[in-house]
Amino acid sequence: MSRERHIIILALLALLPITALAESPTAAALSYTCAGCHGTDGSSVGPSSPSIAGMDPEIFIDAMQDYKVDKRNATIMNRIAKAYSDEQIKGMAWYFAKQKLELLPQSTDTQLVELGTTLHDKYCEKCHEEGGRSGDTGTLAGQWMPYLDYAMEDFIAGRRDYPRKMKRKVDAAIKAEGEQAMPALIHYYGSQHNSAQKEASHE
Amino acid sequence: MNKKIAGPLAWFFLGATLLFLYILPAHSAVEVMTVLGEEAPPGFDPVTGKRVIPTVRCLKCHGDESEQTDVDDDGNEIEIYIPPHKFEDSVHGKRRCAECHANITRVPHRQEPEVVVGCIECHRQTWDANKDKPDNEFKRLGVVIEQIEKYQDSVHARPEDEDDPSVLNAGCYDCHDAHNIGTLGSHQRDEHRLENPEVCGECHRKQRNKYKKSVHGKAVMEDGDSEAAVCSDCHTMHEIDSPEGDKVMLQITTNCGNCHEESRQTYRSSYHGQVNKLGYTHTAKCYDCHGGHNVLAIKDPASAVHEENRLETCRQCHEDAPEGFIGFHPHGNANDFEKYPVMWITAKFMQALIIGILAFFWVHVMLWFYREYQDRKAGKSFAHPKPGDDTVYIRRFTATWRWIHLLFAVSTMILVLSGTTLLFSHTAWASFVMDMLGGPKVEAILHRTAATIWLSVFLVHFFIAMTNIVRNRKTFRWFGPSSMVPNLQDLRDVGAMFSWFFGRRERPSFDRFSYWQKFDYWAPFWGAAVIGFSGLMLFIPTLTASFLPGWVFNIATIVHAEEALLATMFLFTVHFFNSHFRPDRFPMSTIMFTGAVPLEEFKFEHRLEYERLKESGELEKMLVKPPSRTMEKGSQALAAVLIFAGLGLLTLVFIGYMTMPG
């Protein structure tokens, strides 16, 4: 082979990484596959799957990684998560974080909501800021109540690791209000949908 | 393909590919990070992709006044409260918490958080990035950088345990309340001053407890006086080191004077302070007498310098100090007539003496120079013998007197050098000379040895002179030409000299000793008495104070120094001019070293004596051969060395005198 050809091959090799990159699907494209359960752009329309739009990307990654290694109790997600690389998970996390969370109203008990409000302010607000709105501890406000119920049960039953220091507060809330405590909190979170959240932020 | 263009074309292709794909992008401005085409969401840094934690998020827990504590992972209660208004008000108030607490990447803390803040790194980076900015916004940061450097050399920056370099004796935020750092002149500064004893006392408990009872401590800790001395005023803020080292001892002594300015100045004009100023620490320092952490007001009966306790304090160093020591004024001030009248009067008298004598003789010198120069130009003078001439010489000084003069000259110079090094301890040359000499202890020995030689020479001379007089008592005339005793003729000669200076008469003639030669002779007499006696008192203070009150040391110090200055300035200006520098003699005269004068010169300078000797027939007996070449050359070399040494000393004294503080 002539020297010129060597050089041209070298130049083509230099181009290679770019072409390789172009072949991988974008994070947005990957995210469409989740829409079936989590709704368009992550705003779930039914209680069977939680909403993941506007979800904190680090919480998202934590969740997916935990599913991947079966660290977190799941019905389906552990199987789904295993199909994605770290980079893909991060890309989707960033994609979903930017999506607007559309919430549907859920039926709640006024008395429980009231009790939940006080409990939340006392025990949960410091970590789950602004009534549990999407933030660095995940999304509670407006989340589907059955999902929250299932999440809390997992925590309490030890199927899911408590975040550091959360247990103390959950225990304290239960100690204060007994059986009612968790439903109250969940009703409180469930009572918040888009319009309710807007009101809260105007305060 | 045409082989000729294929090669260059291939190279061009490769070059362009590398340039567009790798080189140019690397040089383009900050790049936004993407993951699979996705940019970072709000709340994350678009370039690094890392979370940006806003301060309010931290203050959610740490700024809650109603819940100031939390529990750590072991269940221990810990303080977590950072007063938000204080922080916002502080110099770092616009920074996000996590900018300093860079190890905090998630909130709420996923692991027990550690406080590791890279104060130094951040300040350095900020300084490096901004130091060349034209506005002064970052000027103060320069001071911080200086302090950092000092800190890094300090004891606090050294590891607590040699085997574990990670734990330092004290880090920045062990002392600095980092959430409440004020700018210069801010209210935080005052608060910090008042807190300073407690902050340092956190580790230095013993010292804090002593300080608390001191005059400074009471003012600060009881009366809330933020102007009174706190730890850092004496120990500095960042240059802290063990007070066993010279550097720190000197520094603390200096720092006391930042408030007690006059005391520092008066201290530095005493022997204790002069030695200290030169960088040596064996003499008494402020805290040796007044106490350090436990310093009390002098009038407090418990004070170490209270009259009742003072002798005991002196005896810490001056072991057998007699009662007389109590009367010494370690801070005596010759400028303060109210408090120290005797010192004031002595100093003023000595200064008047110096000014009077020097004024007279300097005028004398200048006029003489002018007139002799004119005369010489007009050929009204003698001619210097040329080498090879068989000039006739006359014997003027015997070997004994020449030796006496030489010993006197050398010991005087040693005395001047060693003495003025202390007297002018404020100058840079003094520190240098002191180090060269080997420190104040060597200097003291040198000074005393030279003084002993000087006094011995003086006494030997006195003895010889007296013996001569006694031996010739039949013929010796006290007011005769061979006597050094001033007489009426001298007074007339002064008048005649001045008339000559102003061109009103011819140059007067002199006998064996002219009036200025007599003055040159008597000046050391008075000097020997004054300098010698005062020096002796200071040499043996214990003996002196056993029969004299301590304040005589103050007087002796003034007299000794001023008289020595007078002697120095007189010798190295007036005497040098009279004997060496005037036009007839320039650049030097070797008469005092060879002992012989060319007859011509003798005739010219001492015509009366010449005529007298000629008449009596004694002249013949006194004529000698010219000094040998070796003698002449040797004498010239010696004279040159002494003259240069003298002028050198004069320069040093001049520098010292002109820059004297106060």
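Analyst: Helix α27 of chain B covers residues 607-616. Which of its residues are buried? They are Glu609(B), Tyr610(B) and Leu613(B). Now look down the axis of α27(B). The buried residues fall within an arc of 100 degrees, so they line one face of the helix. What follows just after α27(B)? Gly617(B) does, and this glycine takes a positive phi of about 80 degrees.

Next, the chain around the helix. Chain B is divided into domain 1 (3-30), domain 2 (31-117) and domain 3 (341-385 + 392-658). The C-alpha centres of domain 1 and domain 3 of chain B lie 90 Å apart.

Another helix of chain B is worth a stop. Helix α22 of chain B spans residues 515-539, and Tyr515(B) lies in it. Is Tyr515(B) buried or exposed? Its relative accessible area is 8%. The cut-off for buried is under 20%, so Tyr515(B) is buried. What does Tyr515(B) touch, once neighbours within four places in sequence are left aside? Its contacts are His364(B), Asp490(B), Asp493(B), Val494(B), Met497(B) and Phe510(B). His156(B) is another matter. Tyr515(B) and His156(B) are 359 residues apart in sequence, and their C-alpha atoms are 69 Å apart in space.

Now turn to chain A. Chain A has 12 helices and 0 strands. Buried residues make up 46% of its 203 residues. Take the contacts in chain A between residues at least 6 apart in sequence. Of these, 69% join residues at least 24 apart.

One residue links the two chains in this account. Asp56(A) sits in the loop between α3 (35-38) and α4 (57-68) of chain A. Its relative accessibility is 6%, so Asp56(A) counts as buried. Leaving aside neighbours within four places in sequence, Asp56(A) is in contact with Gly135(A) and Asp136(A) in chain A, and with Arg51(B) in chain B.

Chain A also has domains. The assignment gives domain 1 (25-97) and domain 2 (110-202). Their C-alpha centres lie 21 Å apart. Where do these two domains of chain A meet? 16 residues of domain 1 are in contact with 15 residues of domain 2. The two domains of chain A bury about 1200 Å² between them, 49% of it on carbon and sulfur atoms. On the domain 1 side, Pro47(A), Arg72(A) and Asn73(A) lose the most area to domain 2, together 40% of what that side buries. How many salt bridges are counted between domain 1 and domain 2 of chain A? The count is 0.

Last, a word on confidence. The mean pLDDT of chain A is 88, and 84% of its residues reach 70 or more. Residues 196-203 of chain A stay under 50. For that stretch, the model has 6 contacts beyond four places in sequence. Where pLDDT is low, the predicted coordinates should not be read in detail.

Technical notes: Residues are numbered from 1 along each chain as its sequence is written. Chains are lettered from A and ligands numbered from 1 in the order in which they are written. This is a predicted model: local features need pLDDT of at least 70, side-chain atom pairs count only at pLDDT 80 or more; totals for chains, interfaces and linings use all residues. Side-chain values use heavy atoms; hydrogens and water are left out. pLDDT is the predictor's confidence in each residue, from 0 to 100. Contact means heavy atoms within 4.5 Å. Buried means under 20% relative accessible area, exposed over 50%, partly exposed in between (1.4 Å probe, protein chains only). Helices (H or I, at least four residues) and strands (E, at least two) are DSSP runs, numbered from the N terminus. The arc is that of the directions from the helix axis to the C-beta atoms. Domain bounds come from an automatic or database domain assignment. Buried area is the accessible area (1.4 Å probe) that two parts lose on being put together, summed over both. A salt bridge is a side-chain nitrogen of Lys or Arg within 4 Å of a carboxyl oxygen of Asp or Glu.
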